[in-house]
Amino acid sequence: MDWQQFTMDLGALDPERVEAVFERHGAASVTLTDAGDRPVLEPAPGETPLWADTRITGLFAADADLDALAADLRDSLGLADLPGVRIDTLADRAWEREWLRDFGPMQFGRRLWVCPGDAEAPDGAVVVRLDPGLAFGTGTHPTTAMCLDWLDGLDLAGRTVLDYGCGSGILAIAALKLGARSAVAMDIDPQAVTATARNAAHNGVDDKLSVCSSDAGITGRFDVVVANILAGPLVELAESVITRLSSGGDLALSGILSGQVDRIQGAYAPWIEFDAPAFRSQANQTWARLGGKRRSG
């Protein structure tokens, strides 16, 4: 079945009111996207902020009456004209698999490869098979890529690992594939917890991986901790992260822009002896990864 896609610029309109009208007319999905180029990089905990220029898109069946939808929007919102409306016809596809078109096998470090589905990797590679679902983390973002490089460079044999803010679970799963004895993956996003559990099963490491949705679910200390989140939470949660890391253990912090390095290092300086930062650029932004060891004692 083909679909119709109704897209409209929100401007100052209340997104919940617009979404309610979309749903009243049978929207199969409703998506909010950035219509400009001003990303929201660090929302406060519990906040779901919108962009300065937000666009709303509804997906409707081919026989949906979008003229009636537009009329209802005008009446419900008290508008003479709708801002920035665009209607497209979309051929039916397995939309949940569309990301695979731009995601091929990728190498990290010397041994590690991340592959979608049944894509082939070189002989002798350590392979993570990934279907991220709705959670962040395929390895294509510089922060994830740098953490995967870092994990590949460690001797993980027999060690325990904590993936703090796990997204798709890619880092915890990669660590297990690289020889870690066990891992815990934590994320407050329920979609991330679901995606991580599914990806772990798909990679045959679910018996070595525990997944939890809060700090309270993490017990004990770990030989390796990796936290690929954002600078604000990394600072706020510094003591929580550090209490999970064993004396002499390895720590990687990412999700950090280059200009935030000093701030993050300062927050962890009482406990961590940092190596030189790693940097990688993408889309006019330079990201950083900080690695180091917890001081003994």
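Student: In β6, which residue is the bridge partner of Phe108?

Tutor: The partner of Phe108 in β6 is Leu112. Please note that this is a predicted model, in which local features need pLDDT of at least 70, side-chain atom pairs count only at pLDDT 80 or more, and totals for chains, interfaces and linings use all residues. Residues are numbered from 1 along each chain as its sequence is written, and side-chain values use heavy atoms, with hydrogens and water left out.

Student: In what sense do β5 and β6 pair?

Tutor: Strands β5 and β6 (residues 112-116) are antiparallel, with three bridges. Two strands pair if DSSP finds at least two bridges between them. Strands (E, at least two residues) and helices (H or I, at least four) are DSSP runs, numbered from the N terminus.

Student: What is the strand order in the open sheet?

Tutor: The order is β5-β6-β7, three strands with mixed pairing. At the edges are β5 (106-108) and β7 (126-130), each of which pairs on one side only. From one strand to the next, the twist averages 25 degrees.

Student: Which helix packs on the sheet and touches β5 and β6?

Tutor: That is α3 (residues 142-152), whose direction makes about 55 degrees with that of β5. Contact means heavy atoms within 4.5 Å. Axes are lines fitted to C-alpha atoms, for helices over the stretch in contact, and angles run from 0 to 180 degrees between N-to-C directions. Helix α4 (residues 170-177) lies across β6 and β7 and runs at about 150 degrees to β7.

Student: And at what angle do α3 and α4 pack?

Tutor: Their angle is about 20 degrees, and their axes are 10 Å apart. This makes α3 roughly parallel to α4 (angles under 35 degrees count as roughly parallel).

Student: Which residues meet there, α3 to α4?

Tutor: Thr144, Cys147, Leu148 and Leu151 in α3 meet Ile170, Leu171, Ala174 and Ala175 in α4.

Student: Changing topic: is Leu234 buried or exposed?

Tutor: Leu234 counts as buried because its relative accessibility is 0% (buried means under 20% relative accessible area, exposed over 50%, partly exposed in between, with a 1.4 Å probe and protein chains only). Leu234 belongs to helix α6 (residues 231-236). Not counting residues up to four places away in sequence, Leu234 touches Ala227, Ile229, Leu253, Ser254, Ile256, Ile264 and Tyr268.

Student: How many residues apart in sequence are Leu234 and Ile264?

Tutor: They are 30 residues apart in sequence and 7.2 Å apart in space, C-alpha to C-alpha.

Student: Where is Asp189 found?

Tutor: Asp189 is in the loop between β9 (182-186) and α5 (190-202). Asp189 counts as partly exposed, at 30% relative accessibility.

Key:
Angles under 35 degrees count as roughly parallel, over 145 as roughly antiparallel, 65 to 115 as roughly perpendicular and the rest as oblique.
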